[in-house]
Amino acid sequence: MKEKTNISSHVIDAIKEVTKDFLIVLFVITVPLFIYLKIGISIDKFAFKHYKVDGLYIKLDKKFILKAKKIHIPKTKAKPSFGSVEKTFNNIKEVLDFFEYIELNDVEFENNNLTILYSDHVFYLSSKEYELSSIIHKNKDIIDANITNLHINRSNIDIYGSLSYNTKYDILNTHGNFSFLDSNGTFTMVKDKKDLSLSLGSGNFTQLDKLLQAWKIPHFINVWLVDKIKAKSYKLDYFNIYASIDKNGALKANFKTINAKAVLKNVDIHFKDGVNSLNAKEVDIIYKDNNLSFDIYKPLYKGRDLNGSKVVISNLIGKNSAVLNIDLYINSPIDKEVANILKAYHLKLPVYTKSMQKFHIYIKKPLYPKSHIEVIVDSNLSKGKFYIGQVPLEINSGHIKFQNKKLKLSNIKLKNNIYNIKTNGDIDITQKKVNLKNYIYNLNIKDKNKNKFISIHNKKIPIKIDYKSYIGISLPTLDINLKKTKKQTVITIPKISKLLPYLKNLPLNIYDGQLKIYTKNFIKYRFEGVLKWKDCFFYQKHNACFIDIPCNGSIDNKNFQLYAFDKKLYINSAKSIIKLNNINIDLDKFFNANLKKVAKEHTKTYIYGNNSNIKYKNYLLVTDSYDITIYPDGHIKAIGSLDNDIIKFDKNGKNISIKAYRVTDKMLHPLINFDGLKQGRYTIKIEGNPDKELNGEILVEGGVLKDFKAYSNTLAFINSIPALATFSNPGFSSKGYIIKEGMITYRKTKDKIYLDSIYIKGSSANIAGKGIIDLKNRTLNISLAIQVAKDFGKVISKIPIVGYILMGDDQSITLGLKIKGSLDKPKVKTSVAKDILSLPLDMLKRTFGQ
C-alpha cells in the first residue's frame with residue numbers, strides 16, 4: 001500500500017511547492033516596495049542582494065497590481081513543511097485581501113522557471129514539474145479554492161477538486177479526483193491543526209506496473225504486485241492513512257493507521273519459479289494492521305479447487321522484517337501437481353493420494369536473504385486411496401500434518417475387505433525415517449481361490465522405515481526386514497516361527513526356518529533359505545527324515561517353483577509337478593500335510609520319482625522310478641518299477657489297492673514287512689480301508705522260506721526230537737524250506753493280521769495253516785500242518801510217538817505244529833491229532849495236488 005501513500009505525498013508536495021514558490025516571490029518583492037506601490041512603479045531592471053527583477057510594474061488601485069517579465073530568486077535554506085501551512089494560508093489570505101492582479105513571467109527559482117498569474121480569483125501557476133489552475137475565494141476566515149487542474153509532469157498525474165481552509169481554527173479540507181494513465185480516482189484530505197488524514201480510491205485500470213514506477217516502493221512489494229500477481233484489471237477501493245505534524249513541522253505518517261483495499265480481476269498468481277500459476281476470478285489486496293493480505297476468490301490450480309486460499313505479507317513496515325505467509329487450501333489429490341508445489345520449496349512428501357482430499361499448505365518465508373522457510377501441510381483425510389511410497393492403502397479417515405520437517409500421522413483408519421487398521425506415527429523428512437504404530441483389528445489376505453493365507457486380529461504391529469540411501473522397512477514384532485535399492489528389494493525373515501501364527505493354509509506345513517526373498521518389481525520373486533517342516537514326508541534311506549530343508553525358488557502370479565536338497569526336490573505349481581531324485585516320499589503324510597495345495601484348483605498333481613521309494617502307512621514300495629497322479633478329489637494313482645518289476649498303487653476315498661505282478665523278493669520284503677520269503681516270484685494283491693480292514697493275497701512261485709524266528713525255532717524243535725528229525729530231510733533244513741508254489745490270504749486290521757489260509761507246496765513236503773499275529777502286543781498264534789509224501793511212510797514204524805502224526809490213505813504223513821508266543825521268541829510244539837484235523841488239509845490237497 002506504500003504506493004497509495006506516494007499518491008498523497010505527490011499531491012501534498014505539489015501544494016507545498018506551489019505555496020512555497022508563490023510566497024517567496026510575493027514576500028521578497030512586495031514588502032520592501034509596499035510604500036511605492038500606492039503611486040505605481042515601473043522598473044526595467046531591479047536588483048537587491050541576490051534578487052533580480054526585469055520589467056517590474058506595480059500599482060495600487062484599491063488593490064495591488066503586480067507584473068514582472070523576469071525574476072531571479074536565489075535558493076533558500078528554509079524547507080517547506082506542513083508546520084507552515086497555517087502561516088502560508090494566512091499569507092494567501094493577505095494576498096487575496098491586497099492584490100487584484102498578478103502576472104509574473106519567467107521566475108527563476110531553484111533551477112526551475114515559474115509563471116504565476118492571478119486575476120479575478122483565478123490563480124494559475126506553471127513550472128517544469130507541475131501546472132496549476134484554480135479559482136480562489138475568501139470569505140472572512142475561510143479560504144475556498146476550486147482546483148480546476150493540477151498536472152504533475154513527473155508522474156503525468158492530473159488532479160482536480162476543491163479546497164477549504166479555516167484560517168482561524170487551522171482546519172483544511174480538500175477532496176477531488178485524479179487521473180493517471182488509464183486510472184481515475186478520488187481523494188479526500190483533512191487537516192485539523194496538527195492532525196491529518198488522507199483517503200484515496202480509484203476506478204478500474206490496467207497499467208499497474210507503470211503506476212508503481214512513478215513512486216519508489218520496496219522491491220519485494222513491487223515483485224509481488226507486478227511480477228508475481230498479474231491481473232487484467234485493478235481497482236483501488238479505498239486507501240486511508242492518518243498523519244501528524246511534529247514540532248519541527250515535519251509530516252509524520254502513522255503507517256499503523258493505513259487501511260486500504262484493492263480489487264484485482266482475472267488474476268494469475270506465480271508463487272514460485274517452476275510452479276504453475278494459480279488462477280482466480282478476483283483477488284482482494286487489503287492492507288491493515290501492518291499486514292498486506294491477498295484474499296483470493298474461486299482460485300484454481302491446474303483445475304484444482306483452492307477456495308479459501310490466502311497470501312499475507314506481515315510486518316510490512318517497521319523494524320521487524322517482512323514475512324510472506326501463503327495459505328493454500330486445496331481440494332485435490334495429494335499427487336504430482338501438489339508435490340511440485342512443495343518441491344519448489346525443497347520439500348518432498350513420502351505420501352500421496354489418488355482420491356480427492358481437502359488439505360492446507362502453509363508457507364512462511366521471511367523476505368530477506370538466506371532466510372528459513374517454514375512449511376506446514378495439514379489435512380483431514382477422507383475416504384480414498386492413500387499411498388506410503390508405492391504401497392496403496394484404502395483410507396476411511398485420519399489426519400496428517402507436516403511441520404518442522406516432520407510428517408505426523410494421526411488416527412489414520414485404513415479399512416477395506418482385506419484389513420481394518422488404525423495407524424499413528426511420524427515421518428522425519430530430514431532423517432528420512434518413518435515410525436508407525438499400527439493396531440490391526442483385522443487383516444485377512446486371501447489367495448486367488450479365496451483361501452486365507454495371512455490372518456491377524458487385534459494385534460499391535462509397529463513398522464519402522466528408513467529411506468535415506470535406500471528403503472528399509474522393519475517389523476520388529478514379526479522380525480521381518482525389507483531393503484529396497486535401485487536394483488532390487490530383499491525381504492529377510494530370520495525367524496519364520498514369529499510369522500507362523502498369522503499364516504494360514506500354507507502349501508508347505510512348516511514350523512520354522514529362515515528365508516530371504518528377492519524381487520525387482522513386486523511381481524516376480526525368488527527366494528532362498530531353510531524351511532523346517534513339521535511333517536516327515538521326504539526322507540532318505542533308513543527312514544532318515546528331512547526336517548531342515550535348504551531350498552530356493554521363485555514365485556509370481558502364475559507359478560510357484562521350489563528347489564530343495566541341491567535340486568533333488570523340485571515343485572512347479574503351474575504345471576502341478578513334483579519331482580524327486582534320490583529322495584523317498586511318504587505319500588500318506590504328504591497328502592495330509594496340504595502340500596497338494598501347490599497344485600492348481602481342479603487340476604491333477606503329478607509326482608515323478610527317480611531312485612525313490614513310496615511309503616504309504618505301513619507299506620513301502622521300493623522302486624527305481626514311479627509316476628504318481630493326485631486328482632483334485634483326492635484320488636491317487638501310482639505306478640512304479642524296480643528293475644523289470646511293476647507295482648501299482650491306487651487310493652480312492654478311504655480305500656487303497658496295491659498290486660504287484662511276479663515281482664522279486666527285493667520288492668516284496670519292504671512291501672509286506674517280512675523277509676522270510678526269498679528268491680522266487682511273488683504276486684501281491686492288497687485291498688481295503690487301512691483304518692478298518694485290508695484283504696491281502698500273496699501268490700508264491702518258487703523261492704525259499706528261511707531266516708526268521710518262527711522258522712528257525714520250528715527247525716530247532718524238529719531236530720530236537722529224534723522221532724521228528726526225519727522231517728528235516730525232505731525240505732526243512734538250515735538252508736531253508738524250498739518252495740515250488742504257494743498262496744497266502746489274510747486280513748489286516750489296525751492291530752492284528754489274520755492269516756486266513758497258508759498253503760505252501762514244497763519239493764517233498766507241503767504246509768497248510770492259519771493263525772493270528774497281534775501287532776500291538778507283538779505276539780503270534782499259528783497252527784501248521786506239515787504233510788510229507790508217501791515215500792516216507794515206511795519210516796513210521798520207527799516213530800515211538802504217534803499222537804501228533806496222522807497217516808493218510810495215500811501213505812502220506814502229516815505233522816501238526818503250534819507256533820505261539822512273542823514275535824521275538826516264538827515257541828513251537830506239536831499239535832494233537834484233533835487240532836490237525838481242524839486245518840484245511842483237503843484244500844491243501846486240492847490246491848497242490850494239481
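1. In this predicted model, R526 lies over the face of Y518, at 4.1 Å from the ring centre.

2. The aromatic pairs deserve a separate entry. The count comes to six aromatic pairs. One of them is formed by Y439 and Y441, with an edge-to-face geometry, 4.9 Å centre to centre and 70° between the planes. Y439 is partly exposed, at a relative accessible area of 26%, and Y441 is also partly exposed, at 32%. Y616 and F649 form an aromatic pair that is tilted, with 5.0 Å centre to centre and 50° between the planes. Because Y616 lies in strand 45 (residues 614-616) and F649 in strand 49 (residues 645-652), this pair ties together parts that are 33 residues apart in sequence. Y616 is buried, with a relative accessible area of 4%, and F649 is buried as well, with 2%.

3. The next point concerns strands 32, 33 and 34. Strand 32 (residues 463-466) and strand 33 (residues 471-475) run antiparallel and are joined by three bridges. A hairpin of four residues connects strand 32 to strand 33. Strand 33 pairs in turn with strand 34 (residues 480-484), in the antiparallel sense and over five bridges. What stands opposite I473 in strand 34? The residue is L482, while I465 stands opposite I473 in strand 33. The hairpin of strand 33 and strand 34 has four residues between the strands, and D479 there takes a positive phi near 55°.

4. Is L499 buried or exposed? L499 is buried, because its relative accessible area is 15% and the cut-off for burial is under 20%. L499 is placed in the loop between strand 35 (489-493) and strand 36 (510-519). Beyond its neighbours within four places in sequence, L499 is in contact with L478, I480 and I493. From C-alpha to C-alpha, L499 and T477 are 9.0 Å apart in space, although 22 residues separate them in sequence.

5. Strand 1 (residues 41-48) and strand 2 (residues 51-61) run antiparallel and are joined by seven bridges. S42 stands opposite Y57 in strand 2. Two residues lie between the strands of this hairpin, and K49 in the turn has a positive phi of about 50°.

6. An open sheet is formed by four strands in the order 38-43-45-46, with mixed pairing. Its edge strands are strand 38 (538-539) and strand 46 (619-621), each of which pairs on one side only. Within the sheet, strand 43 (residues 584-586) and strand 45 pair in the parallel sense over two bridges. I585 stands opposite I614 in strand 45.

7. T623 is placed in the loop between strand 46 and strand 47 (625-630). This threonine, T623, is buried, with a relative accessible area of 5%. Which backbone oxygen does the side chain of T623 reach? The side chain of T623 reaches the backbone oxygen of S612, at 2.5 Å. Leaving aside neighbours within four places in sequence, T623 is in contact with N611, S612, N613, G640, S641, L642 and I647.

8. The last point is the nonpolar interior. In soluble globular proteins, nonpolar side chains tend to be buried together. In this model the largest nonpolar core has 196 residues, and L569, L587 and I607 touch the most other members. Strand 15 (residues 229-245) gives the most to this core, with seven residues. Apart from neighbours within four places in sequence, L569 is in contact with W533, F538, L562, Y563, A564, I578, K579, L580 and I583.

How values were computed
Residues numbered from 1 in each chain as written. Predicted model: local features only at pLDDT ≥ 70, side-chain atom pairs only at ≥ 80, totals over all residues. Heavy atoms only, no water. Pairing = 2+ DSSP bridges. Phe/Tyr/Trp six-rings, centres within 6.5 Å; stacked < 30°, edge-to-face > 60°. Buried < 20%, exposed > 50% of the residue type's maximum accessible area, 1.4 Å probe, protein only. Lys NZ or Arg CZ within 6 Å of the ring centre and 35° of its normal. Contact = heavy atoms within 4.5 Å. Polar contact = N/O pair within 3.5 Å; in protein donor to acceptor, adjacent residues only side chain to side chain. Core = buried A, V, L, I, M, F, W, Y, C linked by side-chain atoms within 4.5 Å.
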